[in-house]
Amino acid sequence: MKLRGLYAITDSELLAGKFLSYVEAALEGGVTLLQYRDKSNDEARRLREAEALRDLCERYKTQLIINDDAELAARLNVGVHLGQTDGPLSPTRALLGSKAIIGSTCHAQIALAEQAAKEGASYVAFGRFFNSNTKPGAPSCSLDLLDDAKRTLHLPICAIGGISLDNAAPLVAHGVDLLAVVHGLFGAESTAEVTRRARAFNELFKS
Ligand SMILES: Cc1ncc(COP(=O)(O)OP(=O)(O)O)c(N)n1
Ligand SMILES: Cc1nc(C(=O)O)sc1CCOP(=O)(O)O
Ligand SMILES: [Mg+2]
């Protein structure tokens, strides 16, 4: 499967009270990867929501990725995204199998991405590219890094951090394969607007 297009990421606070309707609206507009990102310790809710997302993703033929939690990903037979302190990639690849999608946060460092590639990552994520409401403290990353990354790496490149329809085009022009978005998608006022935004993000990959 080609990893290219919109990578929608959920936010439990932003989506409170409208979680599944907003996610389904995004899927309706077209989502390549959907990440379930919930930083709480509420294990029961996390399992319940992740199962609901897995079922929804199956209906829309979208790949589900669990943030941080390889055990939950293994339980649901879906992919996982791991940051630099979320656990090692090689044992996670062994746990999830050769076909699973495993992503790695590489901040603004090509060396981290090269290491992730060696350890079996399916894609590498760089960011943050713009000011982020969701994660204001994330280290910043420049467009120049993408040119180096395209020259050096041979796996899909994901961009994250403050991405919206107003600023995403240059990222795609610099070779980004996946646009990972929370607020720029789910910050919309209505489900119709979420669907419109998802479609518009996908259009960026067609020109
Ligand atoms: C696609 C994607 N890229 C980066 C991150 C950030 O991961 P991490 O650094 O582990 O931070 P948290 O998201 O866990 O707070 C991500 N989740 N997804
Ligand atoms: C979860 C996350 N990780 C980042 C990083 O730079 O590693 S930025 C970020 C938040 C992305 O949300 P929004 O699209 O609302 O900015
Ligand atoms: Mg993490």
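The shell around ligand 2 divides into 4 nonpolar, 7 polar and 3 charged residues (Ala, Val, Leu, Ile, Met, Phe, Trp, Tyr, Cys and Pro count as nonpolar, Asp, Glu, Lys and Arg as charged, and the others, Gly among them, as polar). This is a predicted model, in which local features need pLDDT of at least 70, side-chain atom pairs count only at pLDDT 80 or more, and totals for chains, interfaces and linings use all residues. Residues are numbered from 1 along each chain as its sequence is written, ligands are numbered from 1 in the order in which they are written, and side-chain values use heavy atoms, without hydrogens and water.

In total, 14 residues surround ligand 2, each with a heavy atom within 4 Å of it. The closest are Ser132, Thr134, Gly162, Val182 and His183. A polar side-chain atom of Ser132 lies 2.6 Å from an oxygen atom of ligand 2. For Thr134, a side-chain N or O atom is 2.4 Å from a ligand 2 oxygen atom. With Val182, a polar backbone atom is 3.0 Å from an oxygen atom of ligand 2. On its own, ligand 2 has 430 Å² of accessible area, and the protein covers 94% of that area (Shrake-Rupley method, 1.4 Å probe).

Where does ligand 2 sit? Ligand 2 is in the largest pocket, as more than half of its atoms lie within 2 Å of the pocket's grid points. A pocket is an open set of points on a 1 Å grid over the protein atoms alone, where a 1.4 Å probe fits, with protein on both sides within 12 Å along at least five of seven lines; lining residues have an atom within 4 Å of a point. The lining of the largest pocket divides into 13 nonpolar, 18 polar and 6 charged residues.

Technical notes:
A polar contact is a pair of N or O atoms within 3.5 Å; within protein, one must be able to donate a hydrogen and the other to accept it, and residues adjacent in sequence count only if both atoms are side-chain atoms.
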